[in-house]
Amino acid sequence: MVEKMDQISSLPETILHDILSRLPKKDAIKTSVLSKTWREIFYTFPILSICHQESIRRSSKRKKDQQIKTFLDYGKQRLLRFSDQGLAIKEFKLKLSLTCFDLQLIYPDVDQWLKLASECSVQTLKLCLPALKKDGQCLCYILHPSVIEARSLNKLVLKGRIRFDKEFLNLSVKFSSLCVLSLCNVLFDDEGAIEHVISHCPLIEHITLKWCYVYNPQGAGDMQISFMKSVSMHGLQKLKGVDIQGVQNVYIDAPNIEKIYYGADSDEPSKMNFDSCGNLRALTLMNVKNEFSFTFTDTWFLDLSSKFPFLESLELVECSMFENISISSSQLKALVLCNCSAMEKLEIDTPNLLSFRYYYAGDDLPSISFLRCSSRLEVNVRLNMIHPRLYQLEKFVEQFKPQKFSSLSFSIRPCIPSDESFYDDEYYYWEDPYSLPPTLPVPSIKHLVIRSVREVKSKYLLLVNRLFYIWRQKVFH
């Protein structure tokens with residue numbers, strides 16, 4: 001009777017593996033105790049994830065050593081089962097966050113695991129180690145050559161204390177199938193090593209480089225490791241998107257690229273050249289400063305239509321380029337500005353813009369004008385202010401005429417310092433937040449300041465209600 005009821009176990013192995021792939025990891029592991037069939041299905045599941053935190057916990061040294069041994073045996077047996085049966089591994093993820101000492105002891109086992117995974121035609125490989133420290137280059141895991149020579153890989157993700165040594169440049173890189181390459185916080189012995197990798201990836205579509213390091217043996221102490229200075233990408237016909245952070249000089253010449261995310265190092269000069277990427281559809285710039293940037297001029301955003309005729313999304317995050325910015329594009333549909341503190345005036349000439357989001361934490365609000373915009377435009381404004389001044393907010397808000405937009409949303413939140421003495425006594429205070437006359441003229445209220453955290457809700461309700469009352473009067477009459 002039980003056998004008749006269990007019809008799932010008789011399904012083909014590929015379907016059972018697909019069922020496991022849709023379960024949370026803990027539930028998938030539990031299926032291994034249901035029956036011998038499910039146990040075999042679990043141990044041949046081609047998506048293999050090994051994390052030391054599931055086996056090794058804080059304990060005495062003796063007990064911890066035994067846990068590490070059990071963990072290493074488990075990982076080896078799982079991979080040997082695939083190797084012995086000639087099974088392919090679709091995805092192999094290895095996550096280790098042990099101490100530096102323990103990591104050094106198990107690096108030979110990691111070599112063996114990666115070699116076995118490569119021999120099993122692994123398609124996706126993810127190796128995550130603890131973050132690299134500037135004084136810890138000798139503790140890095142040197143990437144095993146089997147990974148470099150794996151022809152089956154289509155996705156490679158490396159994060160943390162992983163090192164590409166000089167011997168790597170002498171190896172024959174065979175990433176003929178690699179489509180996705182993600183490197184975060186890894187160490188290279190040579191500045192040109194990353195370009196050596198990329199040049200051997202004819203099918204690469206997405207590249208991520210986040211805060212990678214280069215080893216300088218001539219340096220002293222912390223100077224032996226520094227962030228990657230430059231990277232050049234050219235001749236990549238399949239490249240669709242890049243995410244580059246912490247690299248000073250970036251050159252991209254990819255005719256079919258559609259998405260670029262660039263995060264500059266705020267402490268170093270930066271230069272970026274991607275003007276030849278005519279097919280670009282989404283651009284995000286983060287932490288780009290005018291005093292450090294040699295790429296953007298005050299007229300750069302006026303030429304968006306000619307440079308990038310297909311650009312639909314533009315995001316500027318914590319960028320301090322210019323006081324006056326004019327953005328002109330006939331194709332732009334989404335515009336986001338977040339904490340652009342130096343900006344005093346913004347002119348937007350985008351007849352097809354559908355979404356505008358403006359986020360700012362501070363008191364100095366800019367002038368924003370829409371020269372041309374779509375009637376379907378949705379505007380979302382979020383402000384975090386320390387000194388909320390009614391006259392200043394009124395001037396800012398009345399720039400947004402509701403007749404022009406499909407929807408308009410404002411969020412004004414307090415940013416309260418921990419020290420109440422921050423507030424100056426010269427400001428005028430309303431003792432009773434509900435006693436403000438509804439018809440009080442704007443000039444009689446110069447400042448409305450929160451004196452304590454307890455008053456935050458009532459004062460802000462007063463401020464916002466009064467603000468929108470005045471705004472409605474001016475806009476609709």
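**Entry 1: the cavity**

I began with the largest cavity, which is lined by L316, C319, S320, M321, F322, I325, C340, A342 and M343. I note at once that this is a predicted model. How many cavities of 30 Å³ or more are there? I found one. I put the volume of the largest cavity at about 50 Å³. Next I sorted its lining residues by type. Eight are nonpolar, one is polar and none is charged.

**Entry 2: aromatic pairs**

I turned to the aromatic rings. My count came to 12 aromatic pairs. One of them joins Y213 and F227, with ring centres 4.8 Å apart and 25 degrees between the planes. I logged this pair as stacked. It links distant parts of the chain, since the two residues are 14 residues apart. Y213 sits in strand β10 (residues 213–215). F227 sits in strand β11 (residues 225–227).

F227 has a relative accessible area of 24%, so I wrote it down as partly exposed.

I then looked up W300 and F308. Their ring centres are 6.0 Å apart and their planes stand at 55 degrees, so this pair is tilted. W300 is buried, at a relative accessible area of 4%. F308 is buried too, with a value of 0%.

**Entry 3: N279**

I moved on to a loop residue. N279 lies between β16 (271–273) and β17 (282–286). Is N279 buried or exposed? Its relative accessibility is 17%, and the cut-off for buried is under 20%, so N279 counts as buried.

I checked its side chain next. The side chain of N279 makes a polar contact with the side chain of R281, at 2.9 Å. I also listed its contacts, leaving aside neighbours within four places in sequence. N279 is in contact with P255, N256, I257, E258 and F310.

**Entry 4: K126**

I wanted a strand residue as well. K126 belongs to strand β3 (residues 124–128). Which residues does K126 touch, not counting those up to four places away in sequence? I listed E91, F92, K93, L94, K155 and V157. I took a closer look at F92. K126 and F92 are 34 residues apart along the chain, yet their C-alpha atoms are separated by 6.3 Å.

**Entry 5: positive phi angles**

Last, I looked at backbone angles. N185 is not a glycine, but its phi is positive, at about 65 degrees. I placed N185 in the loop between β7 (180–184) and β8 (187–188). N185 is buried, with a relative accessible area of 12%.

W211 is not a glycine either, and its phi is positive at about 50 degrees. Where is W211? I found W211 in the loop between β9 (206–210) and β10. Its relative accessibility is 29%, so I recorded W211 as partly exposed.

Conventions. Residues numbered from 1 in each chain as written. Predicted model: local features only at pLDDT ≥ 70, side-chain atom pairs only at ≥ 80, totals over all residues. Heavy atoms only, no water. Helix = DSSP H or I, 4+ residues; strand = E, 2+ residues; numbered from the N terminus. Buried < 20%, exposed > 50% of the residue type's maximum accessible area, 1.4 Å probe, protein only. Polar contact = N/O pair within 3.5 Å; in protein donor to acceptor, adjacent residues only side chain to side chain. Contact = heavy atoms within 4.5 Å. 1 Å grid on protein atoms, 1.4 Å probe; cavity = no way out; pocket = protein on both sides within 12 Å on 5 of 7 lines; lining within 4 Å. Points joined across faces, edges and corners; volume = space filled by probe spheres on them. Nonpolar A, V, L, I, M, F, W, Y, C, P; charged D, E, K, R; others polar. Phe/Tyr/Trp six-rings, centres within 6.5 Å; stacked < 30°, edge-to-face > 60°.
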